[in-house]
Amino acid sequence: SILIMKYIVVTGGVVSGLGKGITISSIGCILKSSGLRVTSIKIDPYLNIDAGTMSPFEHGEAFVLDDGGETDLDLGNYERFLDITLSG
């Protein structure tokens with residue numbers, strides 16, 4: 001059988017605090033509870049910048065992944081809501 005991959009894209013530019021991470025985590029949780037296989041990809045405009053070294057006023061809280069990567073707090077929401085382990 002052929003598996004068809006589908007994507008849900010949530011955008012909002014660089015405006016922080018709109019709830020984009022919680023929204024996509026919640027949608028993923030609903031889809032997963034429906035029996036679908038779900039993962040999450042976060043694409044940020046911060047190239048070559050460690051989220052852990054940015055000012056919390058500039059970026060928000062950092063979340064440390066199991067592999068030691070300091071990332072956006074949204075990845076922590078993805079891990080908790082979807083019960084998955086992500087890597088940086």
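I started with a definition: a residue is buried under 20% relative accessible area, exposed over 50%, and partly exposed in between, using a 1.4 Å probe and protein chains only.

**Ground rules.** I am working with a predicted model, where local features need pLDDT of at least 70, side-chain atom pairs count only at pLDDT 80 or more, and totals for chains, interfaces and linings use all residues. I number residues from 1 along each chain as its sequence is written, and side-chain values use heavy atoms, with hydrogens and water left out.

**Entry 1: the layout.** I found 3 helices and 2 strands, in the order α-α-β-β-α. Both are DSSP runs numbered from the N terminus: helices are H or I with at least four residues, strands are E with at least two.

**Entry 2: M5.** Is M5 buried or exposed? I noted M5 as exposed, because its relative accessibility is 63%. M5 sits in the segment before α1 (20-33).

**Entry 3: the inside.** I looked up how much is buried, and it is 26% of the 88 residues. The largest nonpolar core has 9 residues, among them I24, V38, F63 and L75. Helix α3 (residues 73-82) gives this core its largest share, 3 residues. Such a core is a set of buried Ala, Val, Leu, Ile, Met, Phe, Trp, Tyr and Cys residues joined through side-chain atoms within 4.5 Å.

**Entry 4: F63.** Which residues does F63 contact, leaving aside neighbours within four places in sequence? My list includes G69, D72, L75 and R80; contact means heavy atoms within 4.5 Å.
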